[in-house]
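This report covers a single protein model. It begins with the salt bridges and then turns to the overall fold and the core.

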Amino acid sequence: MSNEYAHGRRDGLRLALAILAAEEAKWAALLGESASWRTNATREVRHKTLQVAQTRVQTVLNRLSSKDDTGSNAELSAALAKIGL
């Protein structure tokens with residue numbers, strides 16, 4: 001895999017993590033706010049689904065970074081710190 005392609009893949013995964021984090025924050029704020037138990041249950045499922053998706057994307061990103069040199073690990077650490085992971 002070319003270096004430029006791998007960098008683009010990591011950038012895409014970081015973008016996915018940022019989007020998932022924003023969506024998770026949105027649903028976390030809505031947990032338990034509705035008077036309807038069914039709505040609250042649906043919101044909890046959506047929130048948990050987003051957490052699982054974040055974990056899976058993080059795992060893929062970690063697998064990609066473990067094969068790369070230490071320069072990209074510093075880049076990865078800075079990006080993850082920026083989005084709060």
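## Salt bridges

The structure, a predicted model, holds two salt bridges. One joins the side chains of D11 and R14, with an N to O distance of 2.7 Å. D11 and R14 are three residues apart in helix α1, about one turn of the helix. R14 is buried, because its relative accessible area of 11% falls under 20%. D11, at 34% relative accessibility, counts as partly exposed.

The other salt bridge pairs E23 with K26, and the closest N and O atoms are 3.4 Å apart. E23 and K26 also both lie in helix α1, again three residues apart, or about one turn of the helix. E23 is partly exposed at 31% relative accessibility, and K26 is partly exposed with a relative accessible area of 43%.

## Overall fold and surface

The secondary structure consists of three helices and zero strands, in the order α-α-α along the sequence. Of the 85 residues in the protein, 26% are buried.

Among contacts with a sequence separation of 6 or more, 62% involve residues 24 or more positions apart.

## Nonpolar core

The largest nonpolar core has nine residues: L13, L17, L20, W27, L50, V57, L61, L64 and L80. Helices α1 (3–30) and α2 (37–66) each supply at least two residues of this core.

L64, one of the core residues, touches R9, R10 and L13, when residues up to four places away in sequence are not counted.

L50 is found in helix α2 and belongs to the largest nonpolar core. L50 counts as buried because its relative accessibility, 14%, is under 20%. Beyond its neighbours within four places in sequence, L50 is in contact with L20, E23, E24 and W27. L50 and L20 are 30 residues apart in sequence, and their C-alpha atoms are 6.2 Å apart. E23, one of the contacts of L50, is also the salt-bridge partner of K26.

H47 lies in helix α2 as well. H47 is buried, with a relative accessible area of 12%. Leaving out residues up to four places away in sequence, H47 touches E24, W27, A28 and L31.

Note on methods:
Residues are numbered from 1 along each chain as its sequence is written. This is a predicted model: local features need pLDDT of at least 70, side-chain atom pairs count only at pLDDT 80 or more; totals for chains, interfaces and linings use all residues. Side-chain values use heavy atoms; hydrogens and water are left out. A nonpolar core is a set of buried Ala, Val, Leu, Ile, Met, Phe, Trp, Tyr and Cys residues joined through side-chain atoms within 4.5 Å. Buried means under 20% relative accessible area, exposed over 50%, partly exposed in between (1.4 Å probe, protein chains only). Helices (H or I, at least four residues) and strands (E, at least two) are DSSP runs, numbered from the N terminus. Contact means heavy atoms within 4.5 Å. A salt bridge is a side-chain nitrogen of Lys or Arg within 4 Å of a carboxyl oxygen of Asp or Glu.
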